[in-house]
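Please have a look at the sequence and the coordinates first.

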Amino acid sequence: MGFIDDAKDVAETAARKIKDGFEDTVDRVHDKVDEVKADAEVKKAEAERDSVERRNEVKEEIRGDH
């Protein structure tokens with residue numbers, strides 16, 4: 001029975017390592033998705049800021065504040 005018990009232990013250890021590796025991969029993917037979302041939000045905010053600055057410049061030129 002020792003051989004069967006050893007094989008069972010090896011299989012359980014391998015399954016645990018596979019599960020841990022899969023969970024690590026899932027965590028990395030989630031982290032990357034969060035990173036991409038954050039970068040997109042920053043780019044959107046920067047674009048909005050630039051747009052407001054341009055509108056304000058145009059308004060200043062029209063009013064002659066320049």
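Predicted model: local features only at pLDDT ≥ 70, side-chain atom pairs only at ≥ 80, totals over all residues.

Residues are numbered from 1 along each chain as its sequence is written, and side-chain values use heavy atoms, with hydrogens and water left out.

**Overall form**

The protein chain has 1 helix and 0 strands (DSSP runs, H or I of at least four residues for helices and E of at least two for strands, numbered from the N terminus). Its radius of gyration is 28 Å, well over the 11 Å that the globule rule gives for 66 residues, so the chain is more spread out than a compact globule. That radius is taken over C-alpha atoms, and the rule is 2.2 Å times the number of residues to the power 0.38. Along the principal axes, the C-alpha trace spans about 95 × 10 × 5 Å.

How many of the 66 residues count as buried? The share is 0%, where buried means under 20% relative accessible area, exposed over 50%, and partly exposed in between (1.4 Å probe, protein chains only). The accessible surface comes to about 6200 Å², with 55% belonging to carbon and sulfur atoms; areas come from the Shrake-Rupley method with a 1.4 Å probe, and for residues only the protein chains shown count as cover.

**Salt bridges**

The whole structure holds 3 salt bridges, each being a side-chain nitrogen of Lys or Arg within 4 Å of a carboxyl oxygen of Asp or Glu.

| Pair | N to O distance |
|---|---|
| Lys19 and Glu23 | 3.9 Å |
| Glu35 and Lys32 | 3.6 Å |
| Arg49 and Asp50 | 3.1 Å |

Lys19 and Glu23 sit 4 residues apart in helix 1, about one turn. Glu35 and Lys32 also both lie in helix 1, 3 residues apart, again about one turn. Glu35 is partly exposed at 42%, and Lys32 is partly exposed at 47%. In the remaining pair, Arg49 is partly exposed at 44% and Asp50 is partly exposed at 25%.

**Surface charge**

Asp20, Asp24, Asp27, Asp31 and Asp34 form a patch of negative charge on the surface. Patches take residues with over 30% relative accessible area and no salt bridge, joining like charges within 9 Å and nonpolar side chains (Val, Leu, Ile, Met, Phe, Trp, Tyr) within 5 Å. Asp34 belongs to helix 1 (residues 2-63) and is partly exposed, with 48% relative accessibility.

Technical notes:
Lys, Arg positive; Asp, Glu negative; His and termini not counted. Charge placed at Lys NZ, Arg CZ, Asp CG, Glu CD.
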